[in-house]
Amino acid sequence: MRLVGLLLVGSALALPLLWFAPLALRENPIALFSQYLGSAALIAMGISQLLATRLRPLQAVFGGLDQMYVLHKWLGLGAMAAVLLHDTIDAELGSAARETMLTELGETLGDLVGVGPELPLRGDQRD
């Protein structure tokens, strides 16, 4: 794995820390950590999708297709862990977050994705 590729991914994952830094003194640190995890998970999933394109210029940045596959796998696993932690913590930011239709939609979609539909298992007959 080439160092330049790792630095690019690391700086992209650290970018939300700059966004949340001004809120660190005013807001609940656990809520900020939860929001960081959600943001970092989205960034990791985006990078993982970009790596899945197998573009030749990206192969040069990350040290070949095999190294891109490895990074793709670990970014996916890390993103899933961050999403699960983000959902487990589920802390509210309070005054820093405005309640809009978009935030309500995001919370609703997150609840639907996290819980998922309750499907009967094979052979499970409920009357």
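## Burial and basis

A residue counts as buried under 20% relative accessible area, as exposed over 50%, and as partly exposed in between (1.4 Å probe, protein chains only). This is a predicted model, in which local features need pLDDT of at least 70 and side-chain atom pairs count only at pLDDT 80 or more, while totals for chains, interfaces and linings use all residues. Residues are numbered from 1 along each chain as its sequence is written, and side-chain values use heavy atoms, leaving out hydrogens and water.

## The overall fold

Let's start with the whole chain. The protein chain has 5 helices and 0 strands (DSSP runs numbered from the N terminus: H or I of at least four residues for helices, E of at least two for strands).

The protein chain has 127 residues, and 24% of them count as buried. Its accessible surface is about 9,300 Å², with 66% of that belonging to carbon and sulfur atoms (Shrake-Rupley method, 1.4 Å probe; for residues, only the protein chains shown count as cover). Among contacts in the protein chain with a separation of 6 or more, 68% link residues 24 or more positions apart (contact: heavy atoms within 4.5 Å).

What gathers on the surface around Asp87, Asp90, Glu92, Glu99, Glu104, Glu107 and Asp111? These residues make up a patch of negative charge. Patch residues have over 30% relative accessible area and no salt bridge, with like charges joined within 9 Å and nonpolar side chains (Val, Leu, Ile, Met, Phe, Trp, Tyr) within 5 Å. A salt bridge puts a side-chain nitrogen of Lys or Arg within 4 Å of a carboxyl oxygen of Asp or Glu. Asp and Glu count as negative, Lys and Arg as positive, and His and the chain ends are not counted; charges are placed at NZ of Lys, CZ of Arg, CG of Asp or CD of Glu. Helix α5 (residues 101–115) gives the largest share of the negative patch, 3 residues. Glu99 belongs to the loop between α4 (65–89) and α5, and Glu99 is exposed because its relative accessible area is 53%.

The surface also carries a nonpolar patch formed by Met1, Leu3, Leu6, Leu7, Val70, Trp74 and Leu77, which together have about 700 Å² of accessible area. Two or more residues of this nonpolar patch come from each of α1 (3–20) and α4.

## Around helix α2

Is Ser39 buried or exposed? This serine, part of helix α2 (residues 29–52), has a relative accessible area of 18% and is therefore buried. Apart from neighbours within four places in sequence, Ser39 has Pro16 and Phe20 as contacts.

Gly76, in helix α4, is partly exposed at a relative accessible area of 29%. Its C-alpha is 8.7 Å from that of Ala41, although Gly76 and Ala41 are 35 residues apart in sequence. Gly78 is also placed in helix α4 and counts as partly exposed at 38% relative accessibility. Gly78 and Ala41 have 7.5 Å between their C-alpha atoms and are 37 residues apart in sequence.

## A backbone detail

For anyone checking torsions, Arg54 has a phi near 60 degrees, which is a positive value in a residue other than glycine. Arg54 is found in the loop between α2 and α3 (56–62). Its relative accessibility is 49%, so Arg54 counts as partly exposed.
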